[in-house]
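Biologist: Please show me the model, and then we can go through it by question and answer.

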Amino acid sequence: MQSKYKAVPPVGIENRTWPDRQITSSPRWCAVDLRDGNQALPNPLTFEQKKEYWRLLLEIGYKEIEVGFPSASKDDYEFTRWLIEAKQVPDDVVISVLAPSRPDLIAKTVESLRGAKRCVVHIYIATSDLHREHVLGKTRPEQIEMLRASIATIKSEAAKYPQTRYELEFSPEEFTDTDMDYGVEVCDFVVDQWNPQGDEKVILNLPATVERRPPNHYADMIELFCRKLKNRARSVISLHAHNDMGCAVAATTLSLQAGGERVEGTLFGHGERTGNVDSIIVALNLQYMGIDTGLNFSKLSHVNEVVTRLTGFTPHPRHPYVGDLVYSAFSGSHQDAIHKCLLKKDAMMETFGQWKIPYLHIDPSDVGRNFEKMIRINSQSGKGGIAHVIESEHGIHLPRWMQNELASRVQVYAEAVAREVSSKELWQLFTETYVNPSPSQLDLVNFWPYPDEKIPSIIQAKVEVSLHGKKQIVEARENGPVAAFVAAVKKLGLPEFTLEHYEESKAGHGSQAEAVTFVQLKGPDGKLAIGVGIHANISQAAVKAITAAINKLLH
Ligand code: KIV
Ligand code: ZN
């Protein structure tokens, strides 16, 4: 039986050079959100929403923006007019509008741009045999004739508005499914007909209208096209990739190596079917190769908020750079590595001469994301991750000797609830286990340490407690407040204990910081118990920690 699908034959290029080339400078960026993106939204943008989207594109730094299809849509026509009449287009921004290569639709298209300082008329015709023969029913010479007539009409219509500088963009639609020699012939014809003067160039936009080939084929086609094009020096090679095979970013990136100079795409890849190439990913990938793209995504969460609100689509949680989960680690070993290296991130920067942290492609703060939610806790999490969350949320640096024990408690809890553990729950578990363990048999009511009247290095401690609900006061003298407290409580007839670990630190950040003490006691049967005390006063924090640990020995 004949197979339904076949591999697309290779492009047939010899001695391709693009695999060895490196991208060293930024391409030009053209946002096609308001045209290709908008035409594929179930609920197209309203006039007001387009205004907001437009402002967002300007904020990001786009200098070329395709604003609509005025000959086909009244809304697009009115929006184009509003941009020009309300003087919304900054001097360094060029707007473009799309039209099919049909002379009857050109006049309205050109007129829609009247009054703009500089603008681009973007015409297209589908040059693949599939479209040409089966959809348009045109021969190759007939298509060439349509282009001749369209370009002549653009010129004559543009001459009516001498205050506006009209430039030309041409797309051989379905370029990646078009016979190469025909594609080159058509594009050379267009450039010759337009005949750009001085430093002007015709934008030749070579779309992968439907992604039917692997990304290396797109790059091969771009390199071959550039080699064959007679008018190479009079044109700008523009890439326009759709994402049917999920490879639009790869196709665009490889094709930039192959000669692409300009990228048309949309934010988060909105566009027909699987969408256009996501310009954010392409641009940020370049930025993290050290290339200044001219686009500013340092407030990516804001961009996300606006685009999500206007389009009604939320990016997938694993969408590169922007998804909710893309800076999160759940696995214990990943968390441990991130935690260790973030603690010395400046030194790491110096060692590598660039950002390099395990499991974190970029510094999330560069795109406006903070570190707080980077490590997320579930039953796969490890001690490093848990320590990181406690430290980032509460400013408490946990001693290594308690991290394993806390991690195993968190794991039991996470398995029991069978879901992610929020940082609030983690803190609750921490305080219920170590700071205020219950049931509490020994409650500390008051602790007064004061220096001995005659020997100030000796501390006299008066300790008021409630033991099994009964108030008692015990006193002792030692050479420090903590030792005096321990000596005093030992008079309560409690089971013997020894102090295994004692560590003082601080909780919180800056002037809000409190003292925090971690202790580990060993009971008569070898049982170990950890207690944590948090208090503005360092001695009070210590005795609270000891009291908490004693309570756990009494359980
Ligand atoms: O995908 C495409 O081919 C297009 C053209 C009209 C440029 O959007
Ligand atoms: Zn498109």
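Predicted model: local features only at pLDDT ≥ 70, side-chain atom pairs only at ≥ 80, totals over all residues.

Biologist: Which residues coordinate the zinc ion (ligand 2)?

Modeller: The donors follow the spacing D-x203-H-x1-H along the chain. Their distances to the zinc ion (ligand 2) are 2.0 to 2.1 Å. The coordinating residues, with their atoms, are D36 (OD), H240 (NE2) and H242 (NE2).

Biologist: How many residues apart in sequence are the parts that D36 and H242 tie together?

Modeller: D36 lies in helix α1 (residues 33-37). H242 lies in the loop between β7 (235-241) and α9 (248-257). The pair therefore ties together parts whose separation in sequence is 206 residues.

Biologist: Is D36 buried or exposed, and is H242 buried or exposed?

Modeller: Buried means under 20% relative accessible area. D36 has a relative accessible area of 3%, and H242 has one of 4%. D36 is therefore buried, and H242 is likewise buried.

Biologist: Which element gives the most to the lining of the largest pocket?

Modeller: The largest pocket holds about 460 Å³ of space. Of its 26 lining residues, L98, Y124, I125, A126 and E173 are the closest to the centre. At least two lining residues come from each of α1, β3 (94-100), β4 (118-126), α5 (129-136), β5 (165-173) and β6 (202-208). The element that gives the most, with four residues, is β4.

Biologist: How many residues of the lining of the largest pocket are charged?

Modeller: The lining of the largest pocket includes 10 nonpolar residues and nine polar ones. The charged residues number seven.

Biologist: Which element supplies the largest share of the lining of the second largest pocket?

Modeller: The second largest pocket has a volume of about 380 Å³. It is lined by 26 residues, of which F268, G269, H270, T274 and H319 are the closest to its centre. By class, the lining divides into 12 nonpolar, 11 polar and three charged residues. The largest share of this lining, three residues, is from α9.

Biologist: Which residue in β10 stands opposite L444?

Modeller: β9 pairs with β10 (residues 459-467) in the antiparallel sense, over nine bridges. The residue of β10 that stands opposite L444 is V465.

Key. Residues numbered from 1 in each chain as written. Chains lettered and ligands numbered in written order. Heavy atoms only, no water. Donors = N, O, S within 2.8 Å, 3.2 Å for Na, K, Ca; no water. Buried < 20%, exposed > 50% of the residue type's maximum accessible area, 1.4 Å probe, protein only. 1 Å grid on protein atoms, 1.4 Å probe; cavity = no way out; pocket = protein on both sides within 12 Å on 5 of 7 lines; lining within 4 Å. Points joined across faces, edges and corners; volume = space filled by probe spheres on them. Nonpolar A, V, L, I, M, F, W, Y, C, P; charged D, E, K, R; others polar. Pairing = 2+ DSSP bridges.
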